[in-house]
Amino acid sequence: MYALAADAFIIFYMGFSIFSRVRAKGYLYVSEKKMKRWVRDPEKGRGPVGKMIRFVMGARDLEEIGIFFDELNQTEIAPVNRDLNVMQTCVSIAPLMGLLGTVTGMLSTFAALAGGSGGDKTMGMVAGGISEALITTETGLLIALPGLIFQYKLAREHAQYKAFLAHLQTVCSQRIYKETLKKDAA
């Protein structure tokens, strides 16, 4: 039961940590129009998105902006991917820990049946083993099901953030390309 409690703590701690980190980026509150305005004039950018735009718009050409976005992806995307994988692993092992409790409970039951002489004491030991088996199975499933739904929701939100960054890269690259054409024409 302690292992199940620790597993549940890790699942929900990591889940809320991922949720707060992704939501703190503020990308949901930046409209397309505002983002394009900030790309044209990076100094007007506000919040984490404005900071990202100022960072990548320091690039001088398309190759350099690709390098800046690779660096941005390493700092923004990779840690969340790692934490989502850990969370997914913890969700996956919760029912297995419950199954382990079932096995130990059934072993206690069979040991009570084999060693007992019948009577109330033996029946109490059998009931205790069966109770342990059922409670750990139920607890494992009660941890895994909400954890699985939570992990799925976080993975969707993370995918949405990655799509935002890909779109931002496209907008910034277009801007750099247009500025390069103007410089070449002049």
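Author: Contact means heavy atoms within 4.5 Å. Leaving aside its neighbours within four places in sequence, Asp-83 is in contact with Met-14, Ile-18 and Arg-21. This is a predicted model, in which local features need pLDDT of at least 70 and side-chain atom pairs count only at pLDDT 80 or more, while totals for chains, interfaces and linings use all residues. Residues are numbered from 1 along each chain as its sequence is written, and side-chain values use heavy atoms, with hydrogens and water left out.

Reader: Where is Asp-83 placed, and why is Asp-83 called buried?

Author: Asp-83 has its place in helix H5, residues 78-115. A residue is buried under 20% relative accessible area, exposed over 50% and partly exposed in between, with a 1.4 Å probe and protein chains only. The relative accessible area of Asp-83 is 9%, so Asp-83 is buried.

Reader: What makes a stretch a helix or a strand, and how many of each does the protein have?

Author: Both are DSSP runs, numbered from the N terminus: helices are H or I with at least four residues, strands are E with at least two. The protein has six helices and zero strands, so the elements run α-α-α-α-α-α from the N terminus on.

Reader: How do you know whether the protein is compact or spread out?

Author: The radius of gyration is taken over C-alpha atoms, and the globule rule is 2.2 Å times the number of residues to the power 0.38. For 186 residues the rule gives 16 Å, and the radius of gyration of the protein is 27 Å, well over that value; the protein is therefore more spread out than a compact globule. Along its principal axes the C-alpha trace spans about 100 × 25 × 15 Å. Of the 186 residues, 35% count as buried.

Reader: Which residues of helix H2 are buried, and what covers them?

Author: In helix H2, residues 32-40, the buried residues are Met-35, Trp-38 and Val-39. They cover an arc of only 100 degrees around the axis, which puts them on the same side of H2; the arc is that of the directions from the helix axis to the C-beta atoms. Their cover includes helix H3 (47-56) and helix H6 (120-185).

Reader: What makes the pair of Tyr-27 and Tyr-161 tilted?

Author: A search of the whole structure finds six aromatic pairs. Rings of Phe, Tyr and Trp (its six-membered ring) pair if their centres lie within 6.5 Å; planes under 30 degrees apart count as stacked, over 60 as edge-to-face and the rest as tilted. The rings of Tyr-27 and Tyr-161 have their centres 5.0 Å apart and their planes at 50 degrees, so the pair is tilted. Tyr-27 lies in the loop between helix H1 (2-23) and H2, and Tyr-161 in helix H6, so the pair ties together parts that are 134 residues apart in sequence. Tyr-27 is buried, with a relative accessible area of 4%, and Tyr-161 counts as buried at 1%.

Reader: Why is the pair of Phe-55 and Phe-68 called stacked?

Author: The centres of the two rings are 5.1 Å apart and their planes stand at 25 degrees, so the pair is stacked. The pair links Phe-55 in helix H3 to Phe-68 in helix H4 (residues 62-76), 13 residues apart. Phe-55 is partly exposed, with a relative accessible area of 33%, whereas Phe-68 is buried at 18%. Ring pairs also link Phe-12, Phe-16 and Phe-150 into a cluster.

Reader: How do you know whether Lys-25 is buried, exposed or partly exposed?

Author: Lys-25 has a relative accessibility of 23%, so Lys-25 counts as partly exposed. Lys-25 is found in the loop between H1 and H2. Leaving aside neighbours within four places in sequence, Lys-25 is in contact with Pro-48, Val-49, Glu-76 and Tyr-161.

Reader: Why is Ala-94 called buried, and what is Ala-94 in contact with?

Author: Ala-94 lies in helix H5. The relative accessibility of Ala-94 is 0%, so Ala-94 counts as buried. Leaving aside its neighbours within four places in sequence, Ala-94 is in contact with Leu-4, Asp-7, Gly-140, Ile-143 and Ala-144.

Reader: How many disulfides does the structure hold?

Author: A disulfide is a pair of cysteine sulfur atoms within 2.5 Å. The structure holds zero disulfides. Cys-90 is buried, with a relative accessible area of 10%, and Cys-172 is buried at 0%.
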